[in-house]
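Here is a short report on one predicted model.

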Amino acid sequence: MLERAYRLMPAQALKKERFELPRLETLVQGTKTIVKNFGPAMKAINREPKHAMKFLTREFAVPISFADGKLLMNGKVSQEMLDKSFKGYLEEYVLCHECGKPDTRILEQQAGIKILKCDACGASKPVKRL
Ligand SMILES: [Zn+2]
């Protein structure tokens, strides 16, 4: 019975139920910090790496570059600091403020005003420019 129910459910719905927010993995090397899974993490939340890079550059005030799916931060950033900062990014630019789901898009309205629009519940709110 259960197996049948699962088969009848659209694959998409199942996938969304299991969605987990990615956690960035840092590796400090000397005076630099590497975020090993930055590319896959951005793919998982459906955002451009450049967008989150701008956010992190502002947060930590260090030069940041992106290559081969990895982020290279020119400074020491602890896992705790990055977790906290990335959580702020997710709350502002990814998670719906109404239903908490990550099925959102950033849309440009008129005159450069950007909004976070939720595909799950339809809610939208303006977001800060980066
Ligand atoms: Zn929503």
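## Helix H5

Helix H5 covers residues 79–93, 15 residues in all. Its first and last C-alpha atoms lie 21 Å apart, close to the 21 Å expected at 1.5 Å a residue. That expected span is 1.5 Å times one less than the number of residues. Helices (H or I, at least four residues) and strands (E, at least two) are DSSP runs, numbered from the N terminus.

Leu-82, Phe-86 and Tyr-89 are the buried residues of H5. Seen down the helix axis, they fall within an arc of 50°, so they line one face of H5. The arc is that of the directions from the axis to the C-beta atoms. An α-helix has 3.6 residues a turn, so residues three or four places apart point the same way. The face turned away from the buried side carries exposed Glu-80, Lys-84, Gly-88 and Glu-91. A residue is buried with 20 or more other C-beta atoms within 10 Å of its own, exposed with 12 or fewer, and partly exposed in between; C-beta atoms are placed from the backbone.

The model is predicted: local features need pLDDT of at least 70, side-chain atom pairs count only at pLDDT 80 or more, and totals for chains, interfaces and linings use all residues. Residues are numbered from 1 along each chain as its sequence is written.

## Helix H4

The buried residues of H5 pack against strand S1 (26–29) and helix H4 (49–60). H4 has 12 residues, which should span 16 Å at 1.5 Å a residue; its end C-alpha atoms are 16 Å apart, in agreement. Ala-52, Phe-55 and Leu-56 are buried in H4. They sit within an arc of 95° seen down the axis, so they line one face. Lys-50 and Arg-58 are exposed on the face turned away.

The buried residues of H4 pack against helix H3 (38–44), strand S3 (64–67) and H5. Just after H4, Ala-61 takes a positive phi of about 55°.

## Pro-22

Pro-22 lies in the loop between helix H2 (11–17) and S1. It counts as partly exposed, because it has 17 C-beta neighbours inside 10 Å. Beyond its neighbours within four places in sequence, Pro-22 contacts (C-beta atoms, placed from the backbone, within 7 Å) Asn-37, Ala-41, Ala-44 and Ile-45. Pro-40 is 18 residues away along the chain, with 8.6 Å between the two C-alpha atoms.

## The whole chain

The chain has 5 helices and 7 strands. From the N terminus, the order is α-α-β-β-α-α-β-β-α-β-β-β. Of its 130 residues, 18% count as buried.

Conventions
Contact = placed C-beta atoms within 7 Å.
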